[in-house]
Structure formats: C-alpha cells, structure tokens
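Trainee: Before we turn to any details, could you take me through how the features of a model like this should be read?

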Amino acid sequence: MIPSKGYAAQTPETNLAPWNFERRDVGPQDVQIEILYCGVCHSDLHQIKNDWFPGIFPMVPGHEIVGRISKTGTAVKKFTAGNLAGVGCLVDSCRTCNNCKEGLEQYCLTHSVPTYNGKGKDGQPTYGGYSNNIVVHEDFVLHISEKLSLPAVAPLLCAGITTYSPLRYWKVGKGHKLAVLGLGGLGHMAVKFGVAFGAEVTVLSTSPSKEEAAKNLGAHNFVVTTDPAQLKAKRSSFDFILDTVSAKHEMAPYLSLLKTNGIHICVGAPPEPYQISAFALMMGRKSVAASNIGGLPETQEMLDFCAANNIVSEIEIINIKDIHTAYDRMVKGDVRYRFVIDMATL
Ligand code: NAP
Ligand code: ZN
Ligand code: ZN
C-alpha cells in the first residue's frame, strides 16, 4: 500500500483536518500522480455535509485534480513518468454498459466510481484530491497541456466539463441567446465556453458587484435577478438558461425568461427538489433538462479545446489550512471564481 496524507472529514459534523491513509499499490494499468493542485467545488461541501445522501466517512474531497505522474504500471500505454495529468469526478465505471461504450461513463448504468465518496470495484472507499497523491487506472486519467497555467487548469476537470458538456450537447452557439444563472465556479466557465462557441451570453446573478467581472469574462449582458424590473425586461429572451445555482431557488421567475421552445438546463445540484408549475412550461412549450459532469472522451476534448483556445479558470490559490474560510466565502458567493488548493501547503 502507498502511504498518503490529505485532509478528511471524519463525520459530516466535523471540520476537515489532516489525515494519514493508504492508497492501493500501482497495478499494471494504474498511474500514480503526485497532486500539485486541486480545485474546490461546491459539490465537495455538499458531500462532506451529507447534503445529498449519507456519505462514506472519513471523506477526502476533491475532484479537480492536476499533478505529475510519478509511477506507471507495467502495462500503461498513455503516460510516462513526468507527464502532467488530470483526474476529474470519476475514477472507474463498469466499462461494459451501452453508456460506458459510448464514452458516457458519467451515466454508467451499473457502477461508475466517483473520485471520492464512493467505492471502487475492490469494495474499498475512494479518496479524492485534497491529498498528496492518487492512484488511478490510466483510462480515467486525462492529458494536460504544458501550455496553460496548471493551477488554473484544475477547475476544468469538474467546473469546465460540467458546463462544456451540456453546451455541446444542445449545440449552443452562434445565433443563440444563452443565460448563465449564477456566477460561481461553474457559471464563470459557462460564460467562457458560451462566448467561445459564439452565443450571446447574459449573466443572471444575485450579486450586483459581479457585473464588471462578468463583462471581463466576455459576458455581453448582466442582469441582477433580485431587481424585478431587470428580470421583467428580459422576459421571453433566451434560447437556453444554464442553471448553476447551488442553493434552493424558485424556477418560475427564470422559466419566464425563456423564449418559446426554450430549455432550462440544470447543472447546479441544490439538495431540495425543484418546484415547477406545469403552466410555467406549457406556456411556450418550454423544457427543463439537466446534465451531469461529462464522460472521459469529452473531458479530454474539452481540455484540448481549452489548450487550443487559451481558456482556463479564474482562480484564487489557497493554503489547505484555509479550506474552511474558502468554503464560507464560497457559500456567500465571494469567490472570483474558483478556489484552488496549492498542495505544497499540505
Ligand atoms: P459556487 O461557486 O458556489 O457558485 C454557485 C453560484 O450560485 C453562486 O456564486 C451564486 O452566484 C449563485 N447562488 C448561490 N446561492 C444562490 C441562491 N440562493 N439563489 C440564486 N443564486 C444563488 O458553486 P459551483 O462550484 O459553481 O457549483 C454550483 C452547483 O453545481 C453546486 O450545487 C454543485 O454541487 C453543482 N455541481 C453539479 C455538477 C454536475 O455535474 N451537474 C458538477 C459540479 C457541481 P451569484 O452570486 O452570481 O448569484
Ligand atoms: Zn465538482
Ligand atoms: Zn457502465
């Protein structure tokens, strides 16, 4: 076994604290990655607090992982020691169901293995990226370009692919009006991709103070959602809304902003169910849809797209001992736009 150290929550009630644990030895098709940076996703907080479902504790969060390969198994083909590498939200899946065969491992019909808060095929719990190393089957490891700033690439592994995938699936681009609801980690990547794909992008935000920054990200318009007059002015305006909001929110005010046939795509994952009136959808044949992260081939496609187009996340690098301050600030919407842990501080 490989001795590892990280930050773990021992229970949903306790704060993260240093914890020593072990990872499996490097198997023939595994690589070992020395983690250099790990992004802080709102899902990390949802999971250590048991917001969604009872988690597996101790829990080492973190699924926006970048680092360098330190060891490769005897049968590894894709990587050599010294390569940059990334790991996102998944470290394995059944690989045999129709979805896995299509590269939609995030929708595996039997057993997709999350990077943390899950169990591998060996029945052992998985531990995430708030740690110094990780051992992953090469098929679930991504190539990372040397061209981009490494800490700013980390959030692409979740915030990036989670917004890239639905925008690609629904072919959002030139001629479309896209609204991004919530300007946090996911939201700011959605703005960057929406602009890169040629859409007219409007940010819908509760935070008036984010207007200038939104425009700097490339957004064409900015709407303060707590101002009823601004919302009213945007009625029947958008082809798509990409909803990245992490907390309970009403849907009706936003559905009214969609054009006829418009689609409200949920990627935010508030713990409470949405309440949607049938009439809010009927009046304009509107749809509500959702999307979950992305599969391995599309995640590599997104990373390559980012390298070709010089797209990275806007980040604030933190010391791991400041993780709870970072969570508090994230909940208040006070992050521009992703915290990334410098793992050298572990
Ligand atoms: P984040 O950085 O905290 O951003 C969320 C943003 O939502 C905030 O910055 C804020 O933006 C807005 N917001 C927060 N509370 C709100 C409220 N009560 N009403 C309206 N707006 C509110 O979080 P994140 O990391 O981007 O994650 C967002 C959500 O997506 C989380 O629930 C996360 O678990 C989920 N997620 C889902 C997937 C997936 O695969 N579907 C993947 C990753 C994350 P403004 O200040 O602009 O209003
Ligand atoms: Zn995430
Ligand atoms: Zn499968």
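Mentor: What follows goes through a metal site, backbone geometry, a strand pairing and a surface patch.

Mentor: This is a predicted model, in which local features need pLDDT of at least 70 and side-chain atom pairs count only at pLDDT 80 or more, while totals for chains, interfaces and linings use all residues. Residues are numbered from 1 along each chain as its sequence is written, chains are lettered from A and ligands numbered from 1 in the order in which they are written, and side-chain values use heavy atoms, with hydrogens and water left out.

Trainee: Which residues coordinate the zinc ion (ligand 3)?

Mentor: Donors are N, O and S atoms within 2.8 Å of the metal (3.2 Å for Na, K and Ca), and since water is not among the atoms, sites may look incomplete. Here the SG atoms of Cys94, Cys97, Cys100 and Cys108 coordinate the zinc ion (ligand 3) at 2.3 to 2.4 Å, and these donor residues follow the spacing C-x2-C-x2-C-x7-C in sequence. Cys94 lies in the loop between β6 (90–92) and α2 (98–101), and Cys108 in the loop between α2 and β7 (113–114), so the pair ties together parts that are 14 residues apart in sequence. The helices and strands named here are DSSP runs numbered from the N terminus (H or I, at least four residues, for helices; E, at least two, for strands).

Trainee: What is the geometry of the site of the zinc ion (ligand 3)?

Mentor: Four donors count as tetrahedral if all angles lie between 85 and 135 degrees. The site of the zinc ion (ligand 3) is tetrahedral, with angles of 103 to 122 degrees among its four donor atoms.

Trainee: Where are peptide bonds cis?

Mentor: One cis peptide bond joins Phe57 and Pro58, with omega about -5 degrees, and Pro58 is in the loop between α1 (42–48) and β4 (65–72). Another runs from Arg336 to Tyr337, with omega near -15 degrees, and Tyr337 is placed in the loop between α11 (323–331) and β17 (338–342).

Trainee: In which sense do strands β1 and β2 pair?

Mentor: Two strands pair if DSSP finds at least two bridges between them. Strand β1 (residues 2–9) and strand β2 (residues 16–23) pair in the antiparallel sense over eight bridges, Ser4 having Phe21 as its bridge partner in β2, and the two strands form a hairpin with six residues between them.

Trainee: Which residues make the nonpolar surface patch?

Mentor: Patches are made of residues with over 30% relative accessible area and no salt bridge, like charges being joined within 9 Å and nonpolar side chains (Val, Leu, Ile, Met, Phe, Trp, Tyr) within 5 Å. A salt bridge is a side-chain nitrogen of Lys or Arg within 4 Å of a carboxyl oxygen of Asp or Glu, and accessible areas come from the Shrake-Rupley method with a 1.4 Å probe, only the protein chains shown counting as cover for residues. Phe279, Met282 and Met283 make a nonpolar patch of about 390 Å², and Phe279, in helix α9 (residues 278–282), is exposed with a relative accessible area of 59%.

How values were computed: Buried < 20%, exposed > 50% of the residue type's maximum accessible area, 1.4 Å probe, protein only. Tetrahedral: all angles 85-135°; square planar, octahedral: opposite > 155°, others 65-115°.
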